[in-house]
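Subject: Structure for you to look over

Hello,

Please read them with the model open.

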Amino acid sequence: MLKFHYKYMNQNKKRILTGDTPSGRLHIGHYVGTLENRVKLQHEYDTFILLANVHAFANDYRKSEEINKNVYEVYLDNLAVGIDPEVSTIYLESGIPETLELYSYFMTMVTHARAIRNPSVKDEINYKKLDPSMGFICYPILQAADILGFNADLVPVGEDQLPVIEQTREIARDFNKAYGETFVIPSAKVGRVARLIGTDGKLKMSKSGQNAILLSDDEETLKKKIHACYTDPSRIHATDPGKVEENPIFEYHKAFNPNKDEVTDLENRYRLGKVGDKEVKEKLFVAMNNFLVPIREKRKFYEDRPEIAKEILIESTKRARKVVIEIVEKVREQMNINKLIK
């Protein structure tokens with residue numbers, strides 16, 4: 001049996017709660033949107049990272065095997081980008097039943113009209129063309145239970161999740177007004193790139209949309225995706241002036257190429273029709289492959305040692321549950337909900 005321990009358990013630190021719904025492997029948009037902030041802030045905050053497998057059932061409750069597979073892939077992606085399991089607590093949502101208790105209380109506080117007008121819910125329904133379950137419509141309320149169950153101060157999220165955080169803040173304020181100061185009012189933190197365009201030029205990169213560069217892509221797959229990437233469709237020849245704005249190739253250069261002089265030179269020459277797509281894409285491949293090499297190596301480390309990965313998840317979920325139990329006990333006390341059986 002491995003002996004796993006945390007380096008940091010400082011109760012005086014402010015707390016982060018963030019996480020992912022396991023609908024597929026994570027991509028580069030997730031990295032600049034939220035993963036990068038998780039890695040940077042994990043030593044500054046007491047950090048909890050949610051593997052939201054209960055949330056995933058709201059998409060399709062019949063796909064439990066697929067959800068379990070995706071949970072593990074997302075878990076490995078978090079470890080691969082630099083989440084330190086001796087510092088951060090990465091846990092399984094279903095391992096904390098107290099979250100669902102909190103969710104049930106919050107469900108009584110949100111009107112049906114408020115639930116269905118959440119922009120994050122509406123946008124996702126339209127994008128995926130869903131006939132949504134009640135679980136899907138109410139997923140921001142479950143997310144509020146995830147966040148407030150840790151009394152998180154800060155929630156690193158993608159731009160599309162800002163309305164969910166605002167609804168969480170509303171629930172916290174309403175509860176505090178009704179029962180006294182119980183919850184911290186959390187703040188959101190969006191990454192340095194709020195939304196990364198898809199490889200097909202569409203506004204959103206999607207795990208399920210086949211328009212994403214995954215953090216787990218191997219070198220050959222990365223090369224194929226970059227060379228097939230959408231560019232300026234009005235540019236027929238390399239000598240034609242090209243558009244840099246809303247061009248995925250240049251969006252990725254700005255996000256992942258550390259050689260800013262090279263990026264500026266490519267942009268200027270592209271606008272003037274003095275560089276072809278081939279050169280721009282080849283230089284992007286070099287920059288992105290260099291970025292992904294250490295991520296692939298860290299991922300392989302855990303893939304080759306599943307016993308370590310499993311122990312981390314088990315012990316982390318135990319630690320996370322202790323935190324939530326303490327907060328839910330306070331909620332029950334504030335609500336005086338068990339008065340008749342005491």
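A contact here means heavy atoms within 4.5 Å. On that basis, among contacts between residues at least 6 apart in sequence, 77% join residues at least 24 apart.

Two notes on conventions. The model is predicted, so local features need pLDDT of at least 70 and side-chain atom pairs count only at pLDDT 80 or more, while totals for chains, interfaces and linings use all residues. Residues are numbered from 1 along each chain as its sequence is written, and side-chain values use heavy atoms, with hydrogens and water left out.

**Overall**

The chain has 14 helices and 5 strands. These are DSSP runs, numbered from the N terminus: helices are H or I with at least four residues, strands are E with at least two. The C-alpha trace spans about 80 × 50 × 40 Å along its principal axes.

Of the 342 residues, 51% are buried. Buried means under 20% relative accessible area, exposed means over 50%, and partly exposed lies in between (1.4 Å probe, protein chains only). The chain exposes about 16,800 Å², with 52% of it supplied by carbon and sulfur atoms. Areas come from the Shrake-Rupley method with a 1.4 Å probe; for residues, only the protein chains shown count as cover.

Charges: 52 side chains are positive and 51 are negative. The centres of the two sets lie 2 Å apart. Lys and Arg count as positive, Asp and Glu as negative; His and the chain ends are not counted. Each charge is placed at NZ of Lys, CZ of Arg, CG of Asp or CD of Glu.

Arg-299 sits in helix α13 (residues 277–303). Its relative accessibility is 4%, so Arg-299 counts as buried. Its side chain makes a polar contact with the side chain of Glu-303 at 2.7 Å. (A polar contact is a pair of N or O atoms within 3.5 Å; within protein, one must be able to donate a hydrogen and the other to accept it, and residues adjacent in sequence count only if both atoms are side-chain atoms.) Beyond neighbours within four places in sequence, Arg-299 is in contact with Arg-25, Glu-73, Leu-76, Asp-77, Ala-80 and Ser-216.

Val-81 belongs to helix α3 (residues 64–81). Val-81 and Arg-299 are 218 residues apart in sequence, yet 8.2 Å apart in space, C-alpha to C-alpha. Val-81 is buried, at 11% relative accessible area. Leaving out residues up to four places away in sequence, Val-81 touches Tyr-31, Leu-35, Val-39, Leu-215 and Ile-295.

**Thr-168**

Thr-168 is in helix α9 (residues 162–179). Its relative accessible area is 0%, so Thr-168 is buried. Not counting residues up to four places away in sequence, Thr-168 touches Pro-140, Ala-144, Ile-147, Leu-148 and Pro-186.

**Two positive phi values**

Most residues other than glycine have a negative phi. Asn-151 has a positive phi of about 50 degrees. Asn-151 lies in the loop between α8 (139–148) and β4 (154–157), and at 17% relative accessibility counts as buried.

Glu-246 has a positive phi near 60 degrees. Glu-246 lies in the loop between α10 (219–227) and α11 (248–256). At 57% relative accessibility, Glu-246 counts as exposed.

Best wishes
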